[in-house]
Amino acid sequence: MQTCGGIFSLLLKDRQTKLAQHLDSLSIHPLMYITSWFMCLFTTLPCWDTVLTICDLIFLEGYQRLFCGALAILEVCSGMSYT
């Protein structure tokens, strides 16, 4: 998990720079949220359509899709307003 966390942290900084900086400023390390996603293959998400799509991609294209799924979820969530 440590290796996956490091890789994901670099991917997040490369793809979502502002979000990565914001999470860093709040002292939120990627291992705090990707551990449950990666260990349980996103089954903790409330939307089963998303879970099954990510699982299909993992079976078809390999474990690298874990990173793609996590980045996509954060991209969608970063556009939400929490007021």
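Colleague: Which residues do ring pairs link into a cluster?

Modeller: A pair of aromatic rings is described by the distance of the centres and the angle of the planes. Rings of Phe, Tyr and Trp (its six-membered ring) pair if their centres lie within 6.5 Å; planes under 30 degrees apart are stacked, over 60 edge-to-face, the rest tilted. Here the cluster joins Phe8, Tyr33, Trp37, Phe38, Phe42 and Phe67. Bear in mind that this is a predicted model, where local features need pLDDT of at least 70 and side-chain atom pairs count only at pLDDT 80 or more, while totals for chains, interfaces and linings use all residues. Residues are numbered from 1 along each chain as its sequence is written, and side-chain values use heavy atoms, leaving out hydrogens and water.

Colleague: How many aromatic pairs does the structure hold?

Modeller: There are 6 aromatic pairs. Take phenylalanine 8 and tyrosine 33: they sit edge-to-face, 6.3 Å centre to centre with 80° between the planes. That pair links distant parts of the chain, with phenylalanine 8 in helix 1 and tyrosine 33 in helix 3, 25 residues apart. Helices here are DSSP runs (H or I, at least four residues), numbered from the N terminus.

Colleague: Is phenylalanine 8 buried or exposed?

Modeller: Buried means under 20% relative accessible area, exposed over 50%, and partly exposed in between (1.4 Å probe, protein chains only). Phenylalanine 8 has a relative accessible area of 0%, so phenylalanine 8 is buried. Tyrosine 33, at 13%, counts as buried too.

Modeller: Another edge-to-face pair is phenylalanine 38 with phenylalanine 67, at 5.4 Å centre to centre and 90° between the planes. Both of these are buried.

Colleague: What about the largest nonpolar core, how many residues has it?

Modeller: A nonpolar core is a set of buried Ala, Val, Leu, Ile, Met, Phe, Trp, Tyr and Cys residues joined through side-chain atoms within 4.5 Å. The largest one has 22 residues, and those with the most contacts inside it are Phe8, Leu12, Tyr33, Trp37, Phe38 and Phe42. Helix 5 gives the largest share, 6 residues.

Colleague: And what does isoleucine 54 touch?

Modeller: Contact means heavy atoms within 4.5 Å. Leaving out residues up to four places away in sequence, isoleucine 54 touches Phe42, Gly69 and Ile73. Isoleucine 54 lies in helix 4 and counts as buried, at 7% relative accessibility.

Conventions: Helices (H or I, at least four residues) and strands (E, at least two) are DSSP runs, numbered from the N terminus.
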